[in-house]
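Please keep the structure in view while reading.

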Amino acid sequence: MSDPFGRPPETTDLPDPAVQLMTEEPEAMGPPATDLPDFSGPLTPSGHLRRRQLISRLAEVGQTTAALLAVAVLGIVVYSVAERGASVLSLGFLTKDPPLLAGSAGGGIAPAIVGTAVIMALATAIAMPIGILTALYLTEFAGRWSGRAFRLILDLLNGLPTIVVGLFVFGLLVVGHHQSGFAGSFALAIIMLPLIARATQEVLLLVPVGLREAADALGVSHWRTVRGVVLPTARGGILTATVLAVARGAGETAPLILLSSIFANTVSANPFGQALPNIPVYIFTASESAEANGFSRAWGAAFVLLVFILLASIVGRTLSRRSTLSR
Amino acid sequence: MRPPDPSDTADPGAPNVRPRVRINTAPQPAEASRLAPNGSPAETASRGIATRAQQRSARTVGREAIFDVQDLAVSYGGAQAIAGVTLQIHRNLITAIIGPSGCGKSTFLRSLNRMNDSVPGFRLAGKILYHGHDLYDGAVDRVEVRRRIGMVFQKPNPFPKSIYDNIAWAPRNLKMKDGLDERVERALRAAALWDEVKDRLNQSALGLSGGQQQRLCIARAIAIEPDVLLLDEPASALDPIATTLIEELMQTLKNRYTIVIVTHNMQQAARVAERTAFFSLDVSAGRRTGVLVEYDDTEVMFTQPTDRRTSDYVTGRFG
């Protein structure tokens, strides 16, 4: 074409196609609409709209009620535990051994608090590195099929009844030996592992592809890329995942009844020698006692556990929000 | 349609080919050395490996071909992205890859340092020789490939670390710890960023502007002193002033590095590149495959392209 700008040649001698259309008969535009509503009427609901709006409002009320009920359950539980447990709470309750006779007043739950702390620390020390490495395998190294299989297995593990985990560890570590805090930690680690792995995996997937590519393009080996760029970027999220898993594991009772329930009520921090006192089992046994004083100590212990778990969850969520914001 | 073989279309004896200035001035290989800035015996020797079309360019005479791409074809999970790409990329020149969206420019570029390896379903046929070594040979380690062939991406992607650590991270990991401070300064100076950041090296790189971030990424890439820099639309997310800075930067960097740049922006290719390759989509047989249409000196590509598709594209008629 001779036109240097590549424009199509102009066709001024032909009639404009738009003009042609306008001059044709109106039938060509389709049949005329017959029952159009009166567009000039007032803008109030008409026809079925009234009924549909009523249904819509009913549905809204139902949904709001359900949501409020769900929240109310938490409120009622927290309130009733606080009402009965807070009155028991004192510095002595947190620092003293329980009285020798379950029926007598006074005393505290110090052995259970220390025991739970030791068991949870050990469980986290086992579950966190394995969970993070599992998540790294899933996001960085696994192929499509192995990744899918591992995710499925982790989800199955997550759904495993905790009493079954407890039984398994009972057969593995307690039968032929004796109960121990370590056995409890081991079971709790199995319960926490899929939580940490899956939550960490979600966080690792949020690390921008561009960052990985940038690191890869610098001729640095993949593991160093993971260690130097991927993990630091996801640090906040991984911490959140761990804290939430700890909050979940701290309240687990079933495995501990099997694995760490026959204990002397004195403070001990050795998880290998004997069963460690711990809060969930203490609540379980004390609430079974027929004595009013033991009963109120159970409420007090429940309150301590609840406060710890709520605080851990709130801290975890705050951390996760902050780490999302920083990205 | 297949991409025209440069040696066919550029043959002065072939009919139906629009004559080009370069053909008239240098029709015979023996005369090519006269066009070179200084005709040395080394240049004459290097002609043996160059194709005839490339010999005619004064730019490439006597320059070592860093990349020798032979009949490259790339597919992702069965979908052919590019096919039949044959070209050479020469030392210390800026080579631009232009073409419409989806024609495989980035695929081609990412094949040059094996960044596509991690894309699921990636398959490659043909050969890419880098200094004579087959890049996709089984014994080749892609980490070593990327150590020598750096890359800067379309979107600035600094690490969420300090400015200093962004530059120093790779040298630290590559055991180049001696004189790290000097290395960081050198890289930042080479990327024309030093004066802007020298007082806040310990602040987060995420606080820099987009243009500064992209220059930081260039500094990061050259801190490990690679052989080649691949730039994948490095200025497409930047404003005109930042773009100008990056383009000026490329002119100084080419003395030290071989640069391949993918760009959407034809004016940018015309401004910065000595050599330009035009990729386009071949839509015959119901498939859309990226092909190399034409590859020549930039002025030739923009003023006297051989292929109709090139002239359509550079005059803005399509794409």
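Rings of Phe, Tyr and Trp (its six-membered ring) pair if their centres lie within 6.5 Å; planes under 30 degrees apart count as stacked, over 60 as edge-to-face and the rest as tilted. Ring pairs of this kind join A:Phe182, A:Phe186 and A:Phe272 into a cluster. The model is predicted: local features need pLDDT of at least 70, side-chain atom pairs count only at pLDDT 80 or more, and totals for chains, interfaces and linings use all residues. Residues are numbered from 1 along each chain as its sequence is written, chains are lettered from A in the order in which they are written, and side-chain values use heavy atoms, with hydrogens and water left out.

**Aromatic pairs**

- Over all chains, the count comes to nine aromatic pairs.
- One of them is the tilted pair of B:Tyr76 and B:Phe122, at 6.2 Å centre to centre and 45° between the planes.
- This pair links distant parts of chain B, 46 residues apart: B:Tyr76 is in strand 1 (residues 65–76) and B:Phe122 in strand 4 (residues 122–130); strands (E, at least two residues) are DSSP runs, numbered from the N terminus.

**Burial**

- B:Phe122 is buried because its relative accessible area is 15%, and buried means under 20% (exposed is over 50%, partly exposed in between; 1.4 Å probe, protein chains only).
- B:Tyr76 is partly exposed, since its relative accessible area is 24%.

**Charges over rings**

- A:Arg84 lies over the face of A:Trp299, at 4.8 Å from the ring centre; the rule requires NZ of Lys or CZ of Arg within 6 Å of the ring centre and within 35 degrees of the ring normal.
- B:Arg220 lies over the face of B:Phe159, at 4.3 Å from the ring centre.

Technical notes. Helices (H or I, at least four residues) and strands (E, at least two) are DSSP runs, numbered from the N terminus.
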